Amino acid sequence: MKVLVTGAGGQLGTDVVELFRSSGHEVLGCDRNKLNITDQAQCNQVIETFHPDAIIHCAAYTAVDAAETDVDGAYHINATGTRNIAVAAEKVGAKLVYISTDYVFNGASTTAYREYDNTDPQSVYGQSKRAGEILTQSLNSRYFIVRTSWVYGAHGNNFVKTMLRLGQEKPELQVVNDQKGSPTYTVHLAKFLLELVDTESYGIYHASGTGECTWYEFTQAILKEAEETLALKVTAKLVPCGTDQFPRQAPRPTNSVMDHVSIRTNGLTDFPHWKDALLEFMLNSIK
């Protein structure tokens with residue numbers, strides 16, 4: 001299969017390119033230098049020339065707080081850029097995988113979000129990603145919308161790497177304990193995309209680590225593995241706190257947990273538990 005990956009230099013895109021290539025697919029990895037997704041003519045030219053069977057659209061504006069004041073910037077990439085990819089994909093008959101987010105929900109539910117629950121994004125980032133979903137559904141006939149959450153991996157900066165560093169530097173760490181979600185390891189997400197794109201089971205998917213935790217509980221597990229698995233010296237005392245102690249420009253979801261109904265009903269392989277994924281990441285990625 002010929003596969004084009006946007007955002008190929010990013011945290012998820014890097015793992016997607018590596019995994020798809022090692023699985024025998026012909027992959028064109030496009031970072032922002034090779035493909036400006038906001039340039040419609042360039043999208044058409046690159047995609048028509050390569051003529052992929054599938055496009056994994058990882059490129060996105062992900063600066064959640066900055067988006068609150070850079071509204072046009074967020075929509076330019078997450079909406080207009082996605083439209084350009086969706087239109088070009090449809091022209092060549094390519095399957096399109098759009099990577100989306102738990103931020104399309106309002107985060108106030110007392111239960112896990114299912115794929116076809118009503119969306120209600122509260123931040124500009126979430127609203128712009130929801131716009132990308134709508135454009136994908138409207139403009140492409142062979143689409144997979146894949147919503148994920150709390151992503152971390154070997155490439156780029158992320159919460160796990162930050163907590164590992166701060167845990168060895170600080171005497172005390174305050175971490176929010178009133179937001180819950182499901183951490184997702186990029187390698188496992190890439191493996192899911194590899195399986196998904198080989199099907200014609202189009203639609204919306206929730207794809208995250210199984211189980212749930214708060215950011216505080218996640219950090220507890222990170223520092224525990226750092227000491228026990230990696231033999232690192234953790235100096236920080238971990239202290240739980242509330243969201244109100246860390247005011248941010250964009251509102252954060254209280255509940256980011258997503259139910260994997262589509263994975264189960266389509267007979268696809270579900271994700272490992274987030275604790276098992278964290279251990280795998282530690283063993284394979286932290287030197």
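Two residues are said to be in contact when heavy atoms lie within 4.5 Å. With that in hand, let's walk through parts of this predicted model.

**Helix 2 and its surroundings**

Helix 2 covers residues 40–50, and its buried residues are Cys43, Asn44, Val46, Ile47 and Phe50. An α-helix has 3.6 residues a turn, so residues three or four places apart point the same way. What do the buried residues of helix 2 pack against? Their partners are strand 1, strand 2, strand 3 and helix 3, listed here with their residue ranges.

| Partner of helix 2 | Residues |
|---|---|
| Strand 1 | residues 2–6 |
| Strand 2 | residues 26–30 |
| Strand 3 | residues 54–57 |
| Helix 3 | residues 71–92 |

Both ends of this helix are worth a look. At its start, Asp39 brings a side-chain oxygen to within 3.2 Å of the backbone nitrogen of Ala41. Just after the helix comes His51, with a positive phi of about 50 degrees.

**Helix 7 meets helix 9**

Helix 7 (residues 215–228) packs on helix 9 (residues 274–285) at an angle of about 40 degrees, and the axes are 10 Å apart. The two helices are therefore oblique to each other, and their crossing is right-handed.

Asn284 is 189 residues from Lys95 in sequence, and their C-alpha atoms are 31 Å apart in space.

Conventions
Residues numbered from 1 in each chain as written. Predicted model: local features only at pLDDT ≥ 70, side-chain atom pairs only at ≥ 80, totals over all residues. Heavy atoms only, no water. Buried < 20%, exposed > 50% of the residue type's maximum accessible area, 1.4 Å probe, protein only. Helix = DSSP H or I, 4+ residues; strand = E, 2+ residues; numbered from the N terminus. Polar contact = N/O pair within 3.5 Å; in protein donor to acceptor, adjacent residues only side chain to side chain. Axes fitted to C-alpha atoms, helices over the stretch in contact; angles between N-to-C directions. Parallel < 35°, antiparallel > 145°, perpendicular 65-115°, else oblique. Left-handed = near helix turned anticlockwise from the far one by under 90°.
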